[in-house]
Amino acid sequence: MANCLVAQSGGPTAVINASLAGVIRANQLNPVYDRVFGGIHGIEGVLEDKLFDLTDLPAREIDILKQTPSSALGTCRYKLKRGNDTDYKRLVEVMDAHSIEVMFYIGGNDSMDTVDALSEWAAANGVAKRFIGIPKTVDNDLVPVDHCPGFPSAAKLACQITHATRLDYDAYTRPEVFVLETMGRDAGWLAASCCATGDVDLLVLPEVDFDKDAFLAQVQAKMDATGECYIVVSEGAHYADGTYISAGESANDGFAHAVLGGAALTLKQMIVDAGIAPRGVVQDLSRAARSSNFAQSLVDVTEAYELGLSAHMHSARPGFTGQVVGIAPRTDLSAPYNPVFFAGPASQFANFVRTFPEEWILPDYQGITDEALAYFRPLIAGEPKIIYENGMPATIMPFNKR
């Protein structure tokens with residue numbers, strides 16, 4: 001039998017390692033491959049022949065791997081460009097050196113593009129290698145899925161932090177605003193999910209061009225009515241001309257994506273400068289939403305693990321390549337939650353952004369519709385049984401640190 005390779009790329013999530021655990025455990029139960037190698041630091045490390053043998057990972061370590069947040073293999077922001085035959089040939093050299101037939105790539109939009117590009121190149125050049133994608137992202141912006149592993153846990157944490165900080169905010173009588181910032185460069189799914197708590201007064205999303213005057217008028221109205229205003233903003237919120245409202249200049253993350261941050265601080269200062277409130281408090285969720293395991297969603301960790309199993313099972317079919325496994329969109333949000341797994345061409349997952357539906361956004365920054373709430377609530381339901389050590393959720397030593 002040949003061997004397989006699994007690697008991780010892009011931003012970490014709370015359950016990305018559950019998908020990794022799924023691939024490893026599936027091969028232990030049904031050894032389609034002799035060895036399961038992990039690529040250290042994604043495609044970048046694989047090109048440097050940095051691999052770790054995961055085949056015989058003990059059962060307890062697999063259990064702890066499932067609950068370990070962040071990328072246990074290490075991640076990267078390396079863009080494998082179409083037409084760069086040097087990288088493609090080097091990857092095949094590494095795979096040949098270790099008798100690797102199949103590569104599983106766990107990642108987001110750009111990683112699924114890598115799966116698509118590698119599959120196309122292999123087919124065009126008669127290379128007998130196969131590439132399979134397992135999705136993840138806290139932004140929930142992949143198509144054509146119902147949701148993406150990593151998002152439900154990020155949403156669950158965001159809701160918990162929203163409620164906790166709202167309770168703290170409500171304890172005071174002094175006039176001030178509170179602004180919570182979530183991740184979400186192009187899509188407002190994570191920010192919108194905070195509304196499931198019932199604690200959000202105003203919501204600012206990338207899907208609706210920011211109107212400073214209209215926004216400040218709503219803040220003033222909330223402060224006049226209640227003396228309080230709790231605001232949630234997505235980091236990618238922007239004006240009609242595309243300019244981000246965040247304070248700093250946007251850098252580049254290696255994939256030509258803006259590196260954002262500071263939207264909440266900008267809004268707070270805007271409100272203070274307008275004389276609506278004398279002060280404000282800012283809470284930035286940032287990386288906590290994607291690398292915390294104490295608030296994992298049971299739905300999320302279960303599905304992430306099962307998608308790893310699914311990818312491995314599909315790979316037993318010799319012709320299965322250039323495909324991504326995922327969770328099919330729900331057709332009836334009022335029905336009991338029952339996820340349906342599917343597989344589709346990587347080209348359908350790559351280079352598209354699934355924005356938060358505009359029909360789910362209430363006007364004047366007032367939040368989201370009941371239909372949106374029905375979408376979110378099943379995803380954040382339940383908590384896995386977490387293994388604790390010394391009072392802390394147990395995590396494994398990352399493979400890239402061994």
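**View 1. Ser71 and the residues around it in a predicted model.** Leaving aside neighbours within four places in sequence, Ser71 is in contact with Gln8, Pro12, Ile16, Asn17 and Asn400, where contact means heavy atoms within 4.5 Å. Ser71 sits in the loop between α3 (59–67) and α4 (85–97); helices (H or I, at least four residues) and strands (E, at least two) are DSSP runs, numbered from the N terminus. With a relative accessible area of 8%, Ser71 is buried, a word that stands for under 20% relative accessible area, while exposed stands for over 50% and partly exposed for values in between (1.4 Å probe, protein chains only). The structure is a predicted model, in which local features need pLDDT of at least 70 and side-chain atom pairs count only at pLDDT 80 or more, whereas totals for chains, interfaces and linings use all residues. Residues are numbered from 1 along each chain as its sequence is written, and side-chain values use heavy atoms, with hydrogens and water left out.

**View 2. Asp139, a position listed in UniProt.** The unreviewed UniProt entry lists Asp139 under "active site"; UniProt positions follow the numbering used here, feature names are shortened, and annotations may be inferred rather than shown by experiment. Asp139 lies in the loop between β5 (130–135) and α6 (151–170), and Asp139 is buried, at a relative accessible area of 13%. Apart from neighbours within four places in sequence, the residues in contact with Asp139 are Met183, Gly184, Arg185, Ala187 and Trp189.

**View 3. The largest nonpolar core.** A nonpolar core is a set of buried Ala, Val, Leu, Ile, Met, Phe, Trp, Tyr and Cys residues joined through side-chain atoms within 4.5 Å. The largest one has 38 residues, and those with the most contacts inside it include Trp189, Leu190 and Phe376. At least two residues of this core come from each of α6, β6 (176–182), α7 (189–193), β8 (228–234) and α11 (370–376), and α6 gives the most, with seven residues. Not counting residues up to four places away in sequence, Phe376 touches Phe151, Trp189, Ala192, Ser193, Phe356 and Ile368. Apart from this core lies another, of 36 residues, among them Ile16, Ile40, Ile62 and Tyr305.

**View 4. Cysteines and disulfides.** If a disulfide is a pair of cysteine sulfur atoms within 2.5 Å, the count comes to zero disulfides. Cys194 is in no disulfide, and the nearest cysteine sulfur, that of Cys159, is 5.7 Å away. The sulfur of Cys229 is 12 Å from the closest cysteine sulfur, in Cys195, and is therefore too far for a bond. Cys194 is buried, with a relative accessible area of 0%, and Cys229 also counts as buried, at 0% relative accessibility.
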